[in-house]
Amino acid sequence: MQNLSQKQPVTSRENKTIKYLHSLLEPKHRKKEGVFLVEGIKMVGEALREPGRVRLFVAAPSLPAGKGRLLLERAETQSVEILWISERLTGALSESKTPQPVMAVVSMKEYAEEALVKPNPGLFVITHELQDPGNLGTIIRTAEAVGAAGVAVTQNTADPYNARAIRASMGSILRMPVVRLNDLHDCIGKYKQWGFQTVALAISGSTPHLDLDLRKPTTVIVGQEGGGLPEDIVQRVDYRVRIPMSPTIDSLNVATASAVILYEALRQRTL
């Protein structure tokens with residue numbers, strides 16, 4: 001990748017680096033390269049807080065002089081390669097309706113399961129076959145807000161490094177451990193052996209969430225929007241939990257339901 005000054009913005013989609021950046025819009029390329037794209041002053045600023053995390057700093061001429069200049073200086077201090085591109089290309093590289101004049105290529109962090117099962121805080125979330133990246137990003141953000149250890153995602157769950165998931169996480173994806181799981185059945189048994197109670201959110205659950213002792217080490221498992229968790233998963237957990245609600249409502253959004261039980265855990269642990 002060639003380092004270009006502000007006076008030489010790249011304008012062609014055929015540029016090698018632009019093609020590379022565009023490839024990162026696809027999950028398979030993000031996974032292969034071990035990197036993902038973030039955009040906007042806030043997100044790029046968060047990424048630059050950890051020296052060495054940002055691989056490439058990308059800016060357009062409309063980058064604001066104040067905060068934008070500070071980000072640029074921080075990138076230069078960290079010896080990050082800087083690429084200037086045309087305003088038109090920001091739209092080609094962005095999945096947002098309002099493309100931002102700054103983005104960055106950021107390294108993924110690989111975490112093992114051990115990052116989740118720490119006795120303190122003794123709380124983490126598993127998302128099973130969740131389809132909406134926005135819901136996943138919100139759950140990651142909520143998990144950080146309550147002090148959980150992290151979030152695990154099973155196969156066929158939305159990519160946590162999808163642009164919508166990143167935006168919904170509001171930067172939490174840069175800080176929170178996100179672990180990929182292969183076999184949830186085996187993991188449930190393993191977490192029980194490690195001293196965690198396993199709690200599945202289910203519309204048909206028999207235990208109100210307020211009746212649980214969430215001061216214990218706890219794994220909260222949530223399922224697909226609409227379909228919820230498969231019955232074979234629900235049957236393996238310690239508690240099948242429901243959230244009480246008005247008879248006129250039969251379910252909550254999965255991110256909302258996750259927030260309800262996670263904040264109940266926080267409430268119990270801070271009494």
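Helices (H or I, at least four residues) and strands (E, at least two) are DSSP runs, numbered from the N terminus. This is a predicted model, in which local features need pLDDT of at least 70, side-chain atom pairs count only at pLDDT 80 or more, and totals for chains, interfaces and linings use all residues. Residues are numbered from 1 along each chain as its sequence is written, and side-chain values use heavy atoms, with hydrogens and water left out.

**Exercise 1. The chain as a whole**

Task: State how many helices and strands the protein chain has, and compare its radius of gyration with the value for a compact globule.

Solution. 
- Step 1. The protein chain holds ten helices and eleven strands.
- Step 2. The radius of gyration is taken over C-alpha atoms, and the globule rule is 2.2 Å times the number of residues to the power 0.38.
- Step 3. For 271 residues, a compact globule would have a radius of gyration near 18 Å; the protein chain has 21 Å, which agrees.
- Step 4. The C-alpha trace of the protein chain spans about 65 × 35 × 30 Å along its principal axes.

**Exercise 2. Burial, contacts, surface and charge**

Task: Find what percentage of the residues is buried, what percentage of the contacts is made by residues 24 or more positions apart, and how far apart the centres of positive and negative side chains lie.

Solution. 
- Step 1. Buried means under 20% relative accessible area, exposed over 50%, and partly exposed in between (1.4 Å probe, protein chains only). Of the 271 residues in the protein chain, 52% are buried.
- Step 2. Contact means heavy atoms within 4.5 Å. Of the contacts in the protein chain with a separation of 6 or more, 80% are between residues 24 or more positions apart.
- Step 3. Accessible areas come from the Shrake-Rupley method with a 1.4 Å probe, and for residues only the protein chains shown count as cover. The protein chain exposes about 13,100 Å², and carbon and sulfur atoms supply 49% of it.
- Step 4. Lys and Arg count as positive and Asp and Glu as negative, while His and the chain ends are not counted. The place of a charge is NZ of Lys, CZ of Arg, CG of Asp or CD of Glu. There are 33 positive and 28 negative side chains, and the centres of the two sets are 5 Å apart.

**Exercise 3. Helix α10**

Task: Check the span of helix α10 against its number of residues, then say which elements its buried residues pack against.

Solution. 
- Step 1. The expected span of a helix is 1.5 Å times one less than its number of residues.
- Step 2. Helix α10 (residues 254–269) has 16 residues and should span 22 Å; its end C-alpha atoms are 23 Å apart, which agrees.
- Step 3. Among the buried residues of α10 are Val254, Ala257, Ile261, Leu262 and Ala265.
- Step 4. The buried residues of α10 pack against β5 (123–127), α6 (133–145), β8 (197–201), β10 (218–222) and β11 (239–242).
- Step 5. Thr256 also belongs to helix α10, but at 39% relative accessibility it counts as partly exposed.

**Exercise 4. Two positive phi angles**

Task: Locate Glu129 and Met170, and give the phi of Glu129 and of Met170.

Solution. 
- Step 1. Glu129 sits in the loop between β5 and α6. Its phi is near 60 degrees, a positive value in a residue other than glycine. Glu129 has a relative accessible area of 26% and is partly exposed.
- Step 2. Met170 lies in the loop between α7 (163–169) and β7 (178–181). Met170 is not a glycine, yet its phi is positive, about 55 degrees. With 35% relative accessibility, Met170 is partly exposed.
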